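Reader: I'm new to looking at structures. Please walk me through this one, question by question.

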Amino acid sequence: MHKDEMVAPLIYQVVDVGAHLHQCEGSIAGDDFLVGRAYGTPLHWAVMHRNLPVVQALTALDTQPDEEV
């Protein structure tokens with residue numbers, strides 16, 4: 001279980017050491033929403049898992065996302 005107030009500082013630390021917000025993970029062929037596997041960026045994963053604190057922190061970091069990833 002995560003603590004909401006710890007999410008944003010942790011995400012900022014990970015980005016500070018080189019994490020990329022637009023990096024896609026997984027494979028389209030391996031998508032299986034029933035078991036929680038999906039192709040996408042950290043924001044896609046946060047939305048898929050309905051993790052609002054992570055969605056808020058990621059969108060605060062990237063206020064002007066690229067149209068194309």
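**Three dimensions, one chain**

Reader: How many helices and strands does the chain have?
Author: Helices (H or I, at least four residues) and strands (E, at least two) are DSSP runs, numbered from the N terminus. Starting at that end, the elements run α-α-α. So the count, going by those DSSP runs, comes out as three helices and zero strands.

Reader: What kind of model am I looking at?
Author: Residues are numbered from 1 along each chain as its sequence is written, and side-chain values use heavy atoms, with hydrogens and water left out. Local features need pLDDT of at least 70 and side-chain atom pairs count only at pLDDT 80 or more, while totals for chains, interfaces and linings use all residues, because the model is predicted.

Reader: What percentage of the 69 residues is buried?
Author: Buried means under 20% relative accessible area, exposed over 50%, and partly exposed in between (1.4 Å probe, protein chains only). Going through the 69 residues of the chain with that rule, the buried share is 19%.

Reader: Which helices do the buried residues of α3 pack against?
Author: First, the list: Pro-53, Val-54, Val-55, Ala-57 and Leu-58 are the buried residues of α3. Their packing partners are α1 and α2.

Reader: Why does α1 count as oblique to α3, and at what angle do they cross?
Author: Axes are lines fitted to C-alpha atoms, for helices over the stretch in contact, and angles run from 0 to 180 degrees between N-to-C directions. Under 35 degrees counts as roughly parallel, over 145 as roughly antiparallel, 65 to 115 as roughly perpendicular, and the rest as oblique. The two axes come within 9 Å. The pair is oblique because of its angle, which is roughly 40°.

Reader: Which residue types make up that contact?
Author: Contact means heavy atoms within 4.5 Å. From α1 come Asp-4, Val-7, Ala-8, Ile-11, Tyr-12 and Val-15, and from α3 come Pro-53, Val-54, Ala-57, Leu-58, Ala-60 and Leu-61. For sorting, Ala, Val, Leu, Ile, Met, Phe, Trp, Tyr, Cys and Pro count as nonpolar, Asp, Glu, Lys and Arg as charged, and the others, Gly among them, as polar. The tally is eleven nonpolar, no polar and one charged.

Reader: Leu-58 keeps turning up. Why does it count as buried, and what is its relative accessible area?
Author: Leu-58 sits in helix α3 and touches Ile-11, Leu-21, Pro-42, Leu-43 and Ala-46, leaving aside residues up to four places away in sequence. Its C-alpha atom is 8.1 Å from that of Ala-8, 50 residues apart along the chain. Leu-58 is buried because its relative accessible area is 8%.

Reader: How far is the C-alpha atom of Pro-9 from that of Ala-57?
Author: Pro-9 belongs to helix α1 (residues 4–16) and is partly exposed, at 41% relative accessible area. Ala-57 touches Val-7, Ala-8, Ile-11 and Tyr-12, not counting residues up to four places away in sequence. Pro-9 and Ala-57 are 48 residues apart along the chain, yet the separation of their C-alpha atoms is 8.7 Å.

Reader: Which residues does Gln-23 touch, not counting residues up to four places away in sequence?
Author: Gln-23 is in the loop between α1 and α2, and its 48% relative accessibility makes it partly exposed. The residues it touches are Gly-40, Thr-41 and Pro-42.

Reader: What is the phi of Arg-50?
Author: Arg-50 is in the loop between α2 (42–48) and α3, and is exposed at 77% relative accessible area. Although Arg-50 is not a glycine, its phi is positive, at about 55°.
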